[in-house]
Amino acid sequence: MSTKTPNGLDKLGLTNIGDVYYNLSYDELQAHEVKSGECKISTTGTAMCDTGIFTGRSPKDKYFVDQAPSNENIAWGDVNRKIDKKIYDELLDLTLTQLSGKNIYVTDVYAGASAASKRSVRFISEIAWQAHFVKNMFIRPTESELEKFEPEFTVYNACKTANEKYKEHGMNSDVYVLFNIEDNMAIIGGTWYGGEMKKGIFSMMNYWLPLEGKLSMHCSANVGDKDDVCLFFGLSGTGKTTLSTDPKRALIGDDEHGWDNHGVFNFEGGCYAKVINLDEKSEPEIFGAIVKDALLENVVSNDHGLVDYEDGSKTENTRVSYPIEHIVNHKEDLQAGHPDNIIFLSADAFGVLPPVSKLTKEQAMYYFLSGYTAKVAGTERGITEPVATFSACFGEAFLPLHPTAYAKLLGEKIDEHEVNVYLVNTGWTGGPYGTGKRMSIKDTRACIDGILNGSINNAEFDTLPLFNLQIPKTLDGVKDNKVLNPRDTWENKDEYDAMLKKLAGMFKENFHRYDGNGGEFDFASAGPQV
């Protein structure tokens, strides 16, 4: 058993603390998980846990304390809800009471691989697998760093309690995920889902960095042998993890990054991949990462621990977290230079968008601010099938500031570093969801390869009507070139044209939200023209 003791234990606000399990090793964590009955072990040596009734994030239960000066920066609305400081204090007391008198897991980690931008974060929980999740997902300090570690932000996870007074408080449910920016603290109750901790710190990085002139991004990133960097923007289920995990390129990270004057850096030290219908042949790197020290969530296995990845009876949002070291070809320092290419990933549920389009600077800004995709089953409560949605900057749920703050930084960096930008549809082809089929990973890979090796720039291009997107007529690796033009994949062309017009109208309607935001964000003319 580890005998390490965290600095500042007396400042946690907890009373009658039992045993303190501080930054346990993977072997120690697994022993705790098994002994407590929290986890079983798969045939590959991977711990398997269930996250309870919550198998996805609960975005309507996320709040920021309404106080100065942060309330002058936050874009208040449906995404960033206000909570009164008095209610927060009441729930903080509830949280601390739950964690007092218990054995607790304290895990100290870093968010941000860049020395100039990283934050030191402390997580406190009474659940071993939650400490395991944190150890996987964030950057692990060295032993010498732990000796002098001082947390700049603290997360209390009291998942075993809930807010029974939520109606009196005017809140959405008995779940609460609350952020107090001035006190550098977050508290969680009512949900066991580990993703709340991961995305909570992402939200905070999205608050801190832009105020320092650095771009925070919901994207994956990799780098080639020639130090060419590519960013993959997209919401959960669009393929960020799968497409950035490429044996020919070093993985920088699969989900969250920053971009400063020195280049791109990962916020995290691990990966968090969906595993529903995971296939070893199509995704060998991710499949191979599911070994000891990884953590599987909500999967179904037999009595011997053999996982059935096709079984979504618990949730379609089955996942695995694993240290990035499990990917053989990864960038050890989790950093690289400025991007050469940016790819926006959209899972188009209407089957309208082409598998790959080359964007102008103005179109890049338009599609970044639009953030069109489909929410995929299981990533949020109540989502059981793909639903078309617009999420600004491909991650609006995690943006405390107004989307234009991030767009402004992106536009400046695209200009400064002459970055190429593309839109890639990983969604449906040959028809909408329910009629068409999901774009094949093989064809999507061919589109990505064409971008990365530059061959797409040698192609002849067609123009997609209404959207004015430039789509290649041919592309190496795409066996049937008619898949490149979505209209050619539909049996009924009139139905396609009608659906194209419908989606174009949705884009146009959504972009009205930016009316009045100033000339620098007047990119409506770069979008669909109906």
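Reply: Start with contact: it means heavy atoms within 4.5 Å. This is a predicted model.

Me: What makes Ser-370 and Phe-390 contacts of Asn-510?

Reply: Asn-510 touches Ser-370 and Phe-390, leaving out residues up to four places away in sequence. Touching here means heavy atoms within 4.5 Å. Asn-510 itself sits in helix α13, residues 493-511.

Me: Why is Asn-510 called buried?

Reply: The relative accessible area of Asn-510 is 16%. Buried means under 20%. Therefore Asn-510 counts as buried.

Me: Why is Pro-528 called buried?

Reply: Pro-528 has a relative accessible area of 4%. The cut-off is under 20%, so Pro-528 is buried. Pro-528 lies in the segment after α13.

Me: Which residues does Pro-528 touch, not counting those up to four places away in sequence?

Reply: Pro-528 touches Tyr-366, Tyr-367, Leu-466, Phe-467, Ala-504 and Phe-507. Phe-467 is also among the residues with the most contacts inside the largest nonpolar core.

Me: What makes a set of residues a nonpolar core?

Reply: The members are buried Ala, Val, Leu, Ile, Met, Phe, Trp, Tyr and Cys residues, joined through side-chain atoms within 4.5 Å. The largest such core here has 140 residues. Leu-231, Ile-342, Phe-344 and Phe-467 have the most contacts inside it. Another core lies apart from it, with 19 residues, including Val-424 and Leu-484.

Me: What does Leu-231 contact, leaving aside neighbours within four places in sequence?

Reply: The contacts of Leu-231 include Met-217, Trp-259, Val-264, Pro-339 and Ile-342.

Methods. Residues are numbered from 1 along each chain as its sequence is written. This is a predicted model: local features need pLDDT of at least 70, side-chain atom pairs count only at pLDDT 80 or more; totals for chains, interfaces and linings use all residues. Side-chain values use heavy atoms; hydrogens and water are left out. Buried means under 20% relative accessible area, exposed over 50%, partly exposed in between (1.4 Å probe, protein chains only). Helices (H or I, at least four residues) and strands (E, at least two) are DSSP runs, numbered from the N terminus.
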